[in-house]
Amino acid sequence: MNRFKEARDKGGRFLLDQLGDDGKFGSSDMGAMEYYKVPSALLVCGQSNAASRLLDWVRRKGMTAEGDFGPRPNGAKDDYGYAYYNSWLIIGAQRLGQFDISESGMEFLMRFWNPNTGAFFSSYCEREPHTKEDLWVVSGSGEAALYTGRIDAAKAVGGWMERMMEAQPNYPDQMYTVSSKTTGLITEPDPKEE
(Lines give C-alpha, C1' and ligand atoms only; values in the text may rest on other atoms or scores of the structure.)
Protein backbone atom coordinates (compact mmCIF):
# COMPACT_ATOMS: atom_id res chain seq x y z
CA MET A 1 0.00 0.00 0.00
CA ASN A 2 2.91 2.36 0.64
CA ARG A 3 3.87 2.45 -3.05
CA PHE A 4 0.39 3.75 -3.95
CA LYS A 5 0.57 6.43 -1.27
CA GLU A 6 4.07 7.38 -2.45
CA ALA A 7 2.84 7.65 -6.05
CA ARG A 8 -0.15 9.73 -4.95
CA ASP A 9 2.08 12.04 -2.93
CA LYS A 10 4.55 12.39 -5.81
CA GLY A 11 1.69 13.31 -8.15
CA GLY A 12 0.34 15.76 -5.60
CA ARG A 13 3.74 17.47 -5.32
CA PHE A 14 3.91 17.75 -9.10
CA LEU A 15 0.50 19.44 -9.17
CA LEU A 16 1.47 21.78 -6.35
CA ASP A 17 4.53 22.85 -8.35
CA GLN A 18 2.22 23.98 -11.18
CA LEU A 19 -0.03 26.02 -8.89
CA GLY A 20 0.73 29.74 -8.77
CA ASP A 21 0.66 31.86 -5.65
CA ASP A 22 -2.60 33.39 -6.90
CA GLY A 23 -4.18 29.94 -7.36
CA LYS A 24 -3.80 29.87 -11.16
CA PHE A 25 -2.85 26.49 -12.56
CA GLY A 26 -0.86 25.76 -15.70
CA SER A 27 -0.93 27.45 -19.07
CA SER A 28 -3.10 30.46 -19.80
CA ASP A 29 -3.42 29.19 -23.36
CA MET A 30 -5.36 26.09 -22.28
CA GLY A 31 -7.26 27.56 -19.32
CA ALA A 32 -10.04 25.28 -18.08
CA MET A 33 -8.87 22.48 -20.35
CA GLU A 34 -5.61 22.51 -18.39
CA TYR A 35 -6.97 22.57 -14.83
CA TYR A 36 -10.40 20.86 -15.00
CA LYS A 37 -9.41 17.72 -13.04
CA VAL A 38 -6.91 19.39 -10.74
CA PRO A 39 -9.26 20.33 -7.84
CA SER A 40 -10.36 16.69 -7.46
CA ALA A 41 -6.79 15.42 -7.87
CA LEU A 42 -5.47 17.78 -5.21
CA LEU A 43 -8.31 16.80 -2.90
CA VAL A 44 -7.51 13.08 -3.09
CA CYS A 45 -3.84 13.90 -2.51
CA GLY A 46 -4.79 15.52 0.79
CA GLN A 47 -4.17 19.02 -0.58
CA SER A 48 -7.59 20.55 0.04
CA ASN A 49 -6.11 23.99 0.81
CA ALA A 50 -4.37 24.04 -2.58
CA ALA A 51 -7.55 22.82 -4.30
CA SER A 52 -9.51 25.61 -2.59
CA ARG A 53 -6.89 28.12 -3.69
CA LEU A 54 -7.34 27.01 -7.30
CA LEU A 55 -11.12 27.20 -7.00
CA ASP A 56 -10.81 30.68 -5.54
CA TRP A 57 -8.86 31.65 -8.68
CA VAL A 58 -11.65 30.06 -10.77
CA ARG A 59 -14.20 32.12 -8.86
CA ARG A 60 -12.23 35.33 -9.49
CA LYS A 61 -10.88 34.80 -13.01
CA GLY A 62 -12.04 31.50 -14.51
CA MET A 63 -15.81 31.62 -14.37
CA THR A 64 -18.35 33.50 -16.42
CA ALA A 65 -21.54 35.05 -15.07
CA GLU A 66 -23.44 32.17 -16.77
CA GLY A 67 -21.46 29.53 -14.85
CA ASP A 68 -19.15 28.45 -17.66
CA PHE A 69 -15.46 27.87 -16.95
CA GLY A 70 -12.54 29.39 -18.75
CA PRO A 71 -10.55 30.79 -20.17
CA ARG A 72 -10.74 28.54 -23.24
CA PRO A 73 -8.50 28.46 -26.28
CA ASN A 74 -9.80 29.60 -29.66
CA GLY A 75 -12.05 26.96 -31.17
CA ALA A 76 -12.93 25.41 -27.80
CA LYS A 77 -16.65 25.65 -28.54
CA ASP A 78 -16.03 23.21 -31.40
CA ASP A 79 -14.52 20.71 -28.94
CA TYR A 80 -16.60 17.56 -28.72
CA GLY A 81 -15.99 17.30 -24.97
CA TYR A 82 -16.76 20.87 -23.92
CA ALA A 83 -19.25 19.78 -21.24
CA TYR A 84 -16.90 17.08 -19.93
CA TYR A 85 -14.36 19.64 -18.71
CA ASN A 86 -17.09 21.53 -16.89
CA SER A 87 -18.38 18.38 -15.18
CA TRP A 88 -15.04 17.72 -13.47
CA LEU A 89 -14.83 21.27 -12.16
CA ILE A 90 -18.37 21.03 -10.82
CA ILE A 91 -17.59 17.74 -9.05
CA GLY A 92 -14.37 19.11 -7.54
CA ALA A 93 -16.09 22.27 -6.32
CA GLN A 94 -19.00 20.30 -4.86
CA ARG A 95 -16.68 17.90 -3.03
CA LEU A 96 -14.81 20.85 -1.55
CA GLY A 97 -17.99 22.60 -0.42
CA GLN A 98 -17.53 25.43 -2.93
CA PHE A 99 -21.25 25.40 -3.69
CA ASP A 100 -21.40 28.79 -5.41
CA ILE A 101 -19.10 27.39 -8.11
CA SER A 102 -20.71 23.95 -8.35
CA GLU A 103 -24.28 25.27 -8.45
CA SER A 104 -23.59 27.98 -10.98
CA GLY A 105 -21.53 25.54 -13.04
CA MET A 106 -24.29 22.94 -12.95
CA GLU A 107 -26.89 25.48 -14.06
CA PHE A 108 -24.73 26.11 -17.12
CA LEU A 109 -24.10 22.39 -17.70
CA MET A 110 -27.83 21.66 -17.63
CA ARG A 111 -28.02 23.59 -20.92
CA PHE A 112 -26.41 20.49 -22.46
CA TRP A 113 -29.01 18.08 -21.04
CA ASN A 114 -31.42 16.43 -23.45
CA PRO A 115 -34.53 15.48 -21.47
CA ASN A 116 -35.83 13.58 -24.53
CA THR A 117 -33.03 11.00 -24.31
CA GLY A 118 -31.76 11.54 -20.77
CA ALA A 119 -28.23 12.21 -22.06
CA PHE A 120 -26.07 15.32 -22.36
CA PHE A 121 -25.21 16.65 -25.81
CA SER A 122 -21.62 16.44 -27.05
CA SER A 123 -21.89 19.82 -28.77
CA TYR A 124 -21.60 23.30 -27.33
CA CYS A 125 -24.49 24.75 -29.32
CA GLU A 126 -26.21 22.10 -31.44
CA ARG A 127 -29.44 20.71 -29.94
CA GLU A 128 -30.97 18.79 -32.84
CA PRO A 129 -32.34 15.22 -32.83
CA HIS A 130 -29.23 14.15 -34.79
CA THR A 131 -26.78 15.79 -32.31
CA LYS A 132 -24.41 13.20 -30.88
CA GLU A 133 -24.38 12.10 -27.27
CA ASP A 134 -21.20 10.29 -26.25
CA LEU A 135 -20.79 8.06 -23.21
CA TRP A 136 -17.73 9.84 -21.81
CA VAL A 137 -19.42 13.25 -21.95
CA VAL A 138 -22.75 11.88 -20.70
CA SER A 139 -21.21 9.94 -17.81
CA GLY A 140 -19.18 12.91 -16.55
CA SER A 141 -22.20 15.19 -16.80
CA GLY A 142 -24.41 12.60 -15.11
CA GLU A 143 -21.93 12.29 -12.25
CA ALA A 144 -21.95 16.08 -11.84
CA ALA A 145 -25.75 15.98 -11.82
CA LEU A 146 -25.67 13.32 -9.08
CA TYR A 147 -23.16 15.26 -6.98
CA THR A 148 -25.25 18.42 -7.16
CA GLY A 149 -28.58 16.77 -6.44
CA ARG A 150 -30.07 16.88 -9.96
CA ILE A 151 -31.48 13.42 -9.32
CA ASP A 152 -33.93 13.45 -12.25
CA ALA A 153 -31.11 14.19 -14.70
CA ALA A 154 -28.79 11.63 -13.06
CA LYS A 155 -31.47 8.92 -13.23
CA ALA A 156 -32.18 9.83 -16.85
CA VAL A 157 -28.47 9.41 -17.63
CA GLY A 158 -28.62 5.96 -16.03
CA GLY A 159 -31.59 5.06 -18.23
CA TRP A 160 -29.72 6.28 -21.31
CA MET A 161 -26.72 4.14 -20.35
CA GLU A 162 -28.95 1.11 -19.85
CA ARG A 163 -30.48 1.59 -23.32
CA MET A 164 -26.97 1.99 -24.79
CA MET A 165 -25.94 -1.36 -23.31
CA GLU A 166 -29.11 -3.08 -24.55
CA ALA A 167 -28.46 -1.76 -28.08
CA GLN A 168 -24.89 -3.10 -28.29
CA PRO A 169 -24.75 -5.61 -31.18
CA ASN A 170 -21.51 -7.37 -30.24
CA TYR A 171 -20.71 -6.67 -26.60
CA PRO A 172 -18.22 -7.41 -24.98
CA ASP A 173 -16.10 -7.76 -28.13
CA GLN A 174 -17.10 -4.27 -29.25
CA MET A 175 -18.72 -1.38 -27.50
CA TYR A 176 -20.18 1.62 -29.29
CA THR A 177 -20.47 4.73 -27.16
CA VAL A 178 -22.22 7.33 -29.32
CA SER A 179 -25.88 7.75 -30.17
CA SER A 180 -28.38 10.36 -31.21
CA LYS A 181 -32.15 10.55 -30.94
CA THR A 182 -32.66 10.10 -34.70
CA THR A 183 -29.99 7.46 -35.32
CA GLY A 184 -29.96 5.53 -32.08
CA LEU A 185 -26.67 3.71 -31.49
CA ILE A 186 -24.06 4.87 -34.00
CA THR A 187 -21.97 1.94 -35.21
CA GLU A 188 -20.34 3.49 -38.28
CA PRO A 189 -17.77 6.31 -38.17
CA ASP A 190 -18.80 9.66 -39.54
CA PRO A 191 -16.83 10.18 -42.77
CA LYS A 192 -16.57 13.91 -41.96
CA GLU A 193 -14.63 13.06 -38.77
CA GLU A 194 -12.07 10.69 -40.30
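**Note on the core and the sheet**

1. The largest nonpolar core has 44 residues, and among these Tyr35, Phe69 and Leu109 touch the most other members. Two or more residues come from each of helix H2 (32–35), helix H3 (38–44), helix H4 (48–61), helix H5 (82–95), helix H6 (99–109), H7 and H8. H5 gives the most, with eight residues. The model is predicted.

2. Leaving aside neighbours within four places in sequence, Phe69 is in contact with Ala32, Tyr35, Val58, Gly62, Met63, Tyr82, Asn86, Leu89, Ile90, Ile101 and Gly105. Tyr35, one of these contacts, is also named with Phe69 among the residues that touch the most other core members.

3. Ser141 belongs to helix H7 (residues 135–147). Its relative accessibility is 0%, so Ser141 counts as buried, the cut-off being under 20%. Not counting residues up to four places away in sequence, Ser141 touches Ala83, Ser87, Met106, Leu109 and Phe120.

4. Three strands form an open sheet in the order E1-E2-E3, and the pairing is antiparallel. Strand E1 (133–134) and strand E3 (184–185) are the edge strands; each has a single partner strand, so one side of each lacks a neighbour in the sheet.

5. Two bridges join strand E2 (residues 178–180) to E3 in the antiparallel sense. Ser180 is opposite Gly184 in E3. Helix H8 (residues 151–167) packs on the sheet and touches E1, E2 and E3, with its direction at about 110° to that of E2. H8 is also among the elements giving two or more residues to the core.

Methods: Residues are numbered from 1 along each chain as its sequence is written. This is a predicted model: local features need pLDDT of at least 70, side-chain atom pairs count only at pLDDT 80 or more; totals for chains, interfaces and linings use all residues. Side-chain values use heavy atoms; hydrogens and water are left out. Two strands pair if DSSP finds at least two bridges between them. Helices (H or I, at least four residues) and strands (E, at least two) are DSSP runs, numbered from the N terminus. Contact means heavy atoms within 4.5 Å. Axes are lines fitted to C-alpha atoms, for helices over the stretch in contact, and angles run from 0 to 180 degrees between N-to-C directions. Buried means under 20% relative accessible area, exposed over 50%, partly exposed in between (1.4 Å probe, protein chains only). A nonpolar core is a set of buried Ala, Val, Leu, Ile, Met, Phe, Trp, Tyr and Cys residues joined through side-chain atoms within 4.5 Å.
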